[in-house]
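Subject: Structure for you to look at

Hello,

I am passing on a structure that you have not worked with before.

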Amino acid sequence: MQWTVNGKTIEVTQGNIAAQEDMAAVVNAANAQLVTGGGVAGALHTAAGPELAEAGQKYAPIKPGEAVLTLAFNLPNDAVIHCLGPVYGKDKPEDRLLASCYERALYLAEQEELGSVAFPAISTGVFGYPFDDALDMAVSAVLNKLGGLKHVNTVRFVLFSEQEAEKYREYMDHRIN
Ligand code: AR6
């Protein structure tokens with residue numbers, strides 16, 4: 001499902017972040033060391049191959065709210081943007097740090113002239129951010145920044161479950177219509 005906002009496209013889909021063939025960049029819900037892990041990071045590192053962790057080493061460790069960009073190796077994308085989301089209840093202010101992940105990821109994609117970016121729901125797995133609050137921050141941050149970008153034309157939110165995807169769809173309908 002998709003929405004058009006100020007000439008930009010926002011999509012919501014249920015799926016695997018490691019299988020977004022038509023996206024220029026995919027975003028990793030990374031750990032500070034930029035190595036493999038569970039969830040999104042596990043899926044992306046497994047699909048990309050060991051070069052992904054090697055490429056991250058010159059940037060690690062990163063801080064909550066930060067993002068760095070690497071090549072995507074065996075993934076079907078041009079780049080991986082690694083974002084360290086806040087651990088809920090620990091890294092403060094968590095809402096600002098989470099918004100910063102989305103903003104900085106978009107900024108890096110724009111710098112590299114990448115046309116499309118797929119985001120997972122950063123921080124809502126192992127890091128414990130309540131899903132509905134994270135959804136609000138994620139979409140608000142993207143809506144705030146996307147209109148000002150020249151190269152990034154499409155943002156896709158990729159949710160692991162159909163129930164989560166439906167929450168995004170309802171939120172988008174509410175915000176856009
Ligand atoms: N594709 C799309 N979404 C996914 C996938 C996938 N393949 N796998 C999980 N999700 P998480 P975090 C969803 O834990 O909370 C790692 O171990 C998942 O259901 O990946 O930012 C890292 O190494 C949840 O909604 O990221 C870090 O240490 C969302 O993606 C830590 O976890 C994020 O879950 C980062 O934790």
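Predicted model: local features only at pLDDT ≥ 70, side-chain atom pairs only at ≥ 80, totals over all residues.

The chain has five helices and seven strands, in the order β-β-β-α-α-β-β-α-β-α-β-α along the sequence. Its radius of gyration is 15 Å, close to the 16 Å that the globule rule gives for 177 residues, so the chain is as compact as a globular protein of that length. The C-alpha trace spans about 45 × 35 × 30 Å along its principal axes, and 51% of the residues count as buried.

The largest nonpolar core holds 43 residues; Ile-81, Tyr-102, Phe-119, Val-142, Phe-157 and Tyr-168 touch the most other members. Helix α4 gives the largest share of this core, nine residues. Another core, of 12 residues, lies apart from it and includes Ile-17, Val-26, Ala-118 and Val-158. Beyond its neighbours within four places in sequence, Phe-119 is in contact with residues including Ile-17, Tyr-102, Val-142 and Phe-157.

Helix α5 covers residues 162-176. At 1.5 Å a residue its 15 residues should span 21 Å, and the end C-alpha atoms are 21 Å apart, which agrees. Ala-165, Tyr-168, Arg-169, Tyr-171 and Met-172 are the buried residues of α5. Seen down the helix axis they fall within an arc of 165°, so they line one face of α5. These buried residues pack against β1, β2, α4 and β7. The face turned away from them carries the exposed residues Gln-163, Glu-170 and His-174.

Regards

Methods: Residues numbered from 1 in each chain as written. Heavy atoms only, no water. Helix = DSSP H or I, 4+ residues; strand = E, 2+ residues; numbered from the N terminus. Expected span 1.5 Å × (residues − 1). Buried < 20%, exposed > 50% of the residue type's maximum accessible area, 1.4 Å probe, protein only. Arc of directions from axis to C-beta. Contact = heavy atoms within 4.5 Å. Core = buried A, V, L, I, M, F, W, Y, C linked by side-chain atoms within 4.5 Å. Rg over C-alpha atoms; globule rule 2.2 N^0.38 Å.
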